[in-house]
Amino acid sequence: MESNTGNGKLVCVTGASGFLASWLVKFLLLRGYSVKGTVRDPNDSKKVSHLLELEGAKERLHLMKANLLEEGSFDSAVEGCEGVFHTASPVNFAVDIDPQTELIEPAVKGTLNVLKSCVKSPSVKRVVLTSSMATVLYNGKPRAPEVVVDETWFSNPEFCNEQWSGYLVSKVLAEEAAWKFVKENNIDMVTINAAVVIGPLLQPTLNTSSTTIVALLNGAKTFPNRSLLWVHVKDTVNAHIQALEIPSANGRYCLVESVKHYSEIVKILRDMYPTLQLPDRCEDDKPFMSIYQVSKEKAKTLGIEFIPFEVGLREIVESLKEKKFVSF
């Protein structure tokens, strides 16, 4: 990675202690940026100590308190920054929560609160929003092996509601609200629509995308009949930084290395760790959920070459072992 493209330039990363954001802060510091990172509580050492230990953090990382639901709470964080990376958004797939208050409001209001703060700060040249493939895929169009999904696809919130998921709806509505707001307020924004992000953990806690793998390793009897999209955390972070640095970057970028059904993930794990007890049957008798393709063309214009899924999978398993989330 070329170093010092940052040259001390000031940027803001919201939700800095998260899985993806921690890697983003790490790479920004390595590239010579100065970073203001927002967290809920800068004094919670369990949440932030891994950030303070990063190379360059002593000199160029400033952690600040901010709350997604509080308008104006990002004002001082984005003030003076050239770029703002908005990664903070609640991720929760649990079914017993109230999606409106626990997912949709924080995602939509939080995104708008960050953008409102950006409007007040003339230094901000571009906002890079961490979005999700959830805002691309769910429009009722059939997905099959020959189908190629790209940036022109937009999920439909009504269709997402039928798909059970408050999380999906929250991502779709947050991105929709963001595009509407930036057009009305003349903000330059790019979105990174990432797949499930995989790779080693910097933070000490278990993040949601890692739990999908933990479940398979910790004695599950069956695997889900689902296909998921995957991308490596380093590619995702590099895409964010390139989206800020490349002047012509614009619009949305789908970031997907591959689409894998759980049956294939189990098979890869079995080849990697032959002694591991892995589920050997699917949770239901239905045909396996189809896999499909996602275009890499636009992502490649950001210089992303895509680390293979198998590399990230091995790294995350080793990382989970090291942090004692799994033992074998």
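**Close-up views of a predicted model**

**View 1. Helix α10 against the sheet.** Helix α10 (residues 233-245) lies across β1 (10-14), β4 (83-86), β5 (126-132), β7 (189-194) and β11, contact meaning heavy atoms within 4.5 Å. The helix runs at about 150° to β5; axes are lines fitted to C-alpha atoms, for helices over the stretch in contact, and angles run from 0 to 180 degrees between N-to-C directions. Helices (H or I, at least four residues) and strands (E, at least two) are DSSP runs numbered from the N terminus. The model is predicted: local features need pLDDT of at least 70, side-chain atom pairs count only at pLDDT 80 or more, and totals for chains, interfaces and linings use all residues. Residues are numbered from 1 along each chain as its sequence is written, and side-chain values use heavy atoms, with hydrogens and water left out.

**View 2. The open sheet.** Seven strands are ordered β3-β2-β1-β4-β5-β7-β11 with parallel pairing (at least two DSSP bridges between two strands). At the edges, β3 (61-65) and β11 (251-255) each pair on one side only. Strand β2 (residues 34-39) is joined to β3 by five bridges, and Gly-37 has Leu-63 in β3 as its bridge partner.

**View 3. Salt bridge between Asp-75 and Lys-120.** The closest N and O atoms are 2.9 Å apart; a salt bridge is a side-chain nitrogen of Lys or Arg within 4 Å of a carboxyl oxygen of Asp or Glu. Asp-75 lies in helix α4 (residues 75-78) and Lys-120 in helix α5 (residues 99-120), so the pair ties together parts 45 residues apart in sequence.

**View 4. Salt bridge between Glu-264 and Lys-260.** The N to O distance is 3.7 Å. Lys-260 is buried at 10% relative accessibility, while Glu-264 is partly exposed at 33% (buried is under 20% relative accessible area, exposed over 50%, partly exposed in between; 1.4 Å probe, protein chains only).
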